[in-house]
Amino acid sequence: MLLLLTAHAVPAAALPWAARRAGRAIWVIAALPLLAALVWSAVRAPGVLRGTPVRESLAWAPSLGLSLDLRLDALSLLMVWVIAGVGTAVLAYSAYYTERNTGREAGLLLAFAGAMTGLVLADNLFVLYVFWELTTVASYFLIAGPERPRERRRAAEQALLTTVAGGLALLAGLVVLGESAGTYRISGILADPPRGTAVSTAVVLLLLGAFAKSAQMPLHGWLPAAMVAPTPVSAYLHAAAMVKAGVYLVARFAPGFADVPPWRPAVFAAGLLSMVLGAWRALRETDLKRLLAYGTISELGLLVVLFGAGTRTAAMAGVVMLAAHAAFKAALFLVTGILDHQTGTRDVRELSGAGRRMPGVFATALLAALSMAGVPPLLGFLGKEAGYEAFLHGTEPGGHVAVLAGLVLGFVLTVAYAGRFLWGGFARKPWAEPGSPERPAPGFLAPAALLSAAGLLLGLWYQGVAAPARAYADGYPDGPEGPYKLALWHGLTPVLGLSVLTLLLGAALYAADRERVRGTCPRWKTLVRLPDSRRAYPRTARATGTLALRLAGATQVGSLPVYLAVLLCTVLALPGAALAVAGAGPGGIRLWTSSVQLPLALVVLAAAAAVAVTRHRLTGVLLTGAVGYGVAGLFLLRGAPDLALTLLLVETLTLVVMVFVLRRMPARFTPEGSAPRTRALQGALAAAVGVLVGLFALASAGARRAPAASEEYFRLLPETGAHNAVNAIVVDFRALDTLGEIAVLLVAALGVVSLAGVRRQGGDGAGAARTGNGGAAAGPEPGDRVAPGPAAQWDQPHEHWVPGGSELPGSERSLLLETGTWLTFPSLMVVSVFLLLSGHNHPGGGFAGGLVAGLACVLRYVVSGRDGLGAAARVDAGLIAGGGLALAAGAGLVPLLLGAEPLTGVLVKAHLPLLGSLKFSTTLFFDVGVYLLVIGVALKLLSALGANLAPAPRRTRKSAEGDLTR
């Protein structure tokens, strides 16, 4: 089954590109997977019909209990035959109907067929929902068309919104149902159906999704609107396949949930309303496609009633009517397409004499319409008689007088609009000029003729339909009259009398309706007028839009503080309430483990409170840094030197970079005139959220029930050859997480550089000028070749200790800082390498070493600017960062080439002459990649500052006057 779905998906993706070479043969290629599905299902049919379903399962996420479960039973077997059989006929028909050679529609139709096949084979609730929505997406693109004209786009959007809204209700119902049953496997749920209030709610949501998909009233408006799509799309999606998805859902879950209280009233009310009003509305339509669309709504209502009744006879009637409807309704749509293609119109008031000009088309339509009207010996007659039998005898739930009356009325109307279709499409009208259409090519008519003939052949050889009908219906108990058997003749029974009465009343109604079309019966026209769904949808859409605008106007006030306050209040109300109810957990809350932590905690709290009240940005940045340093001290006291070192370095680097950023921003946070009351409310909210987050963190630590992961890490630590568990976690146990994190770090740095507006203005790459956000010229990036001026030459050390110092004027220079940098820069780089190499056994590692090297670059940048930094780092920062990521990823993939798992480390031991014993892990190369990436990111951020460090020189009055004279 998985192979069958793949055989649909892969060609569907390739067909749009193959259409140019294949021409009209693209439709034949598209039909091959459907033919394969027919052959595959026919081979497996004997075992399935004997009660042995075919099952397949593919584990997707076993730890989460997610798997792709598929199952072929009698009901899904019948649906596969409908999907593949009608689909093959429609694709063959499209080769003649579609004038241009396009692979888009062929690919979409094949993709839709694959999605429908997956839907009916799904044995998992989530898998069913995924395929359910895939059919919706495919139908949207098929209705909208390649150019998406306005009318077709609107119809596609209406279908999409209606069915997706029903799909959301279905998803909620499936989740509730799966949780109530304790399993998401459909066969398991039906084997032991759950009961309860939650199940009743799930049933209502499930039926809402089914009614929306099958266009049951009042959710039916999208189906007539979708008739703007080409005839092959209407014949396949809106007659035989997509609209059957909702019916299939009802049929699938009826054996287990027909006795749940909301089920039968819901399916009877929606089904009978749709059956009667849909057929009634079909009598008003003059467009043949819209007439068939409303007729489809009517017949789908019939199927919902039959499958939803939850009895054996009704289930058999449903199976027979499902097969009959797929054949005759698809054939009638294809006939309508032929009429439109050959005559140029589908209007019953303009078509005249087509029956004489195209007798083969008329014979095909006649056979299909007779099956639709329930005339013996066609398949529709067998389904109608079984439906009458299901509700004629017995009491609830098998027999129901009101339901039987509704079925009779619906079939009477069906006979009437079947006659209307034949007369409107093929009869000669006195007021219309007979046309002279050409007869269609035999290949154009053949698909419709085969589908129409199938209704007659299966009516005569009803045993072919009786086998899947019995296999499905055996899941229901027998009725009071015993097991029902399909037959063309049951004798002179009340059911036969109802069938004859239906045909007679339908013929009389057809005659009256025919007079109405000629315009001689205005009173009758008034009687059949009903509310139009075409007006309801736009009004609903406009009302929804108006409501959305009003809500947005009331809630979207354009103030970021207001939005943030709403979010924080929500956090306080929901998680805060949950924390208050749940308490601290079994472990309780421990505020501290040592008295030494108290002073540091007070420093952190005082600095955080000061950040909330300060008005100056620089002060706020410095206080935030103090918070970070205090937390680093707390980590150190808790025995986490690696975390403390890393946090200390990160805070230092962040503090320096933020100070650089503040040069381009106003000095104050908020305007001077902010109200004291507003500041008090903001402070109170901030304090409340801070207390909540702190308590939540402490409660979470105290609520731990499972053993700590650190115990397993320490147990496996000897395998890595490391003595530092933190570094082993970073480069060995959780190396994949580290790889993802450094990739995110690199992407974030590139984003910062892009926002800073760094771009080269010259093309020679030799110290080309750049402009930042402020428009000031910037020096070269690290890695650029620099040509320092006379003041920056290495042979003049008495002028500048560090190359590039000429960027600063003499008044801004610091001899002490330059001398200190000249002495400490190499030492800091050596320390960074030491932290890199010693991280496997002592506090440090690639990240800490890279941060130290980045701070050394910051110091160099402060003294000499970007040109001096470029002299120190002569490799492009992007190459350093990208090379680090490539080295880390490559070091992780090398074990895969050697037959081991990715990111696996190997402990290497060797004895070298003079050097002695050598011991290291291959994860060191991964750590080197982290080291290089951190250095490259730091250099890239420094280069993104965009302007020289020195402030712009003051312009004297004399220089300004000189500018004016120039």
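**Cysteines**

The model is predicted. I then checked cysteine 857. Cysteine 857 counts as buried, because its relative accessibility is 5%, and the cut-off for buried is under 20%. I searched for disulfides, with sulfur atoms within 2.5 Å as the criterion. The count came to 0 disulfides.

**Cavities**

How many cavities of 30 Å³ or more does the structure hold? I found 2.

I took the largest cavity next. Its volume is about 50 Å³. I listed its lining as Arg71, Asp73, Ala122, Asp123, Ile186, Ser187, Tyr248 and Arg252. Two helices, H7 (186–191) and H11 (244–257), each supply at least two residues of this lining. By class I noted 4 charged, 3 nonpolar and 1 polar residues there.

I turned to the second largest cavity. I read a volume of about 40 Å³ for it. Its lining consists of Met275, Ser298, Glu299, Leu302, Met321, Phe328, Met372, Phe411 and Thr414. Helices H13 (288–308), H14 (312–343) and H18 (401–426) are the elements that give two or more residues to the lining of this second largest cavity. Which element gives the largest share of that lining? I found that H13 does, with 3 residues. By class, I noted 6 nonpolar, 2 polar and 1 charged residues lining the second largest cavity.

Key. Residues numbered from 1 in each chain as written. Predicted model: local features only at pLDDT ≥ 70, side-chain atom pairs only at ≥ 80, totals over all residues. Heavy atoms only, no water. Buried < 20%, exposed > 50% of the residue type's maximum accessible area, 1.4 Å probe, protein only. 1 Å grid on protein atoms, 1.4 Å probe; cavity = no way out; pocket = protein on both sides within 12 Å on 5 of 7 lines; lining within 4 Å. Points joined across faces, edges and corners; volume = space filled by probe spheres on them. Helix = DSSP H or I, 4+ residues; strand = E, 2+ residues; numbered from the N terminus. Nonpolar A, V, L, I, M, F, W, Y, C, P; charged D, E, K, R; others polar.
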